[in-house]
Amino acid sequence: MNRLIILAVSAALALTAGARDVVWHPADTLPLLGKAVDDTSTSLRYQRIPDSLLYNVRGNALSVIGRNSAGMALRFASDSPEISVRWHSVFKNLMNHQTPTGTRGLDLYTLMPDGSWTFVNSARPDVNSHDSEVCVIANMQPEMREYLLYLPLYDGIDSIFIGTAPRSAFSQPGSALPSAGRQIVFYGTSLLQGGCANRPGMAHTNILTRRLNREIVNLGFSGNGQLDLEIARVIAAIPDPALIVLECVPNASVEQISTLLIPFYEIIRTAHPDVPFLFIEDPIFPYLRFDMQAASRVKAKNDIWKKRYEQLAAKDPNLHYLASDHILGLDNEATVDGLHFTDLGFTRYADLLEPIIRRITLPAE
């Protein structure tokens, strides 16, 4: 018994000593990428829509997912040989078709000398608690590096700390990459929010952020990309966006597309008379080969989507369109459930979108 007590005390002391070896830095003042609204309008820093809309868009439809941190990322620099993260998840969300690392975890990338980003490691959450603490990487050469830390796709965060080794430098980033000037704004559904990426960095907007080195705002609301005019006003209030991408057809009904798409567009166009739009059809999901009723519904939605686009494009030359033909490839192997993308699906989608966005928005580059 005495030996057991000694072992238990020794283990506790080791854990305490380990905790003392990490210096924790609050992330509150670090640059935050991917937020569409001002911090003064949200109770939580890592919240995608203003407090005023949490319970005022089709009732409380966005009260939870509006506080999910999809598409957001923190930037910092350090020469620490190890990086740890400690965070508190608001909802402790778990789903039966997406990994906990994708829903509630974090993803660390570092900036390479050529200006590209490379994956370091992910921070897997404690699935039994709102609180998680993870050593993301250890035993590195102690040299100054720039980091990009992606936040959870399907949960919210109300506190986050970055841990470094004692006496290591920790600072604001030294470079302004990804560029925060002229955000690219996506509006859509669970697919846009990141369902069902294995980890946050693999959502297509996050892949594109790294490839383009340009800040992207992710306004994907799972099950709720329904052309809410309140969200159009949020987009309209973003200063000088570079591109608006609409990929909300999977959630919107034929009636919603027919009646709301043009007012949604007009709210944004009034505020931003020159910004280009990219309209994207509902993807042709694998199960549509077999479910004839679902295939008919998707075709009806894509048909009215294209019709409304053509009405607008007849008067506005700065509109662009992407049909659904090859969004997921042709082998039916890019979804987790016939609908939501795997990492393969997100990579294929990013591969398709990257040259289109470059052509529309970044021709000089």
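Q: Before we start, what does contact mean here?
A: Contact means heavy atoms within 4.5 Å. Please note also that this is a predicted model.

Q: Good. Which residues does F186 touch, leaving out those up to four places away in sequence?
A: With those set aside, F186 touches L192, H204, T205, L208, I216, V217, N218, L219, V245, E247, L353 and I357.

Q: And which residues have the most contacts inside the largest nonpolar core?
A: They are I184, F186, L278 and L353, in a core of 43 residues.

Q: Which helix gives the most to that core?
A: Helix α9, residues 343-361, does so, with seven residues. Another core, of 37 residues, lies apart from the largest one, and I49, L219, F279 and L312 are among its members.

Q: Let us turn to strand β13. Why is it described as largely enclosed by the rest of the structure?
A: Strand β13 covers residues 243-247, and five of its five residues are buried, so the rest of the structure largely encloses it.

Q: Which way do its residues point?
A: L243, V245 and E247 point one way from β13, while I244 and L246 point the other way. In a regular strand, side chains alternate between the two faces of the sheet.

Q: How many bridges join β11 to β13?
A: Five bridges join them, and the two strands run parallel. Within this pairing, G188 stands opposite E247.

Q: And how many join β13 to β14?
A: Three bridges do, and these strands also run parallel. Here I244 stands opposite F277 of β14.

Q: Which helix belongs with β13 and β14 in a β-α-β unit?
A: Helix α7, residues 254-271, does, and the unit is right-handed.

Definitions and conventions
Residues are numbered from 1 along each chain as its sequence is written. This is a predicted model: local features need pLDDT of at least 70, side-chain atom pairs count only at pLDDT 80 or more; totals for chains, interfaces and linings use all residues. Side-chain values use heavy atoms; hydrogens and water are left out. Buried means under 20% relative accessible area, exposed over 50%, partly exposed in between (1.4 Å probe, protein chains only). Helices (H or I, at least four residues) and strands (E, at least two) are DSSP runs, numbered from the N terminus. Two strands pair if DSSP finds at least two bridges between them. A crossover is right-handed if, with the strands pointing away from the viewer, the path from the first strand over the helix to the second runs clockwise. A nonpolar core is a set of buried Ala, Val, Leu, Ile, Met, Phe, Trp, Tyr and Cys residues joined through side-chain atoms within 4.5 Å.
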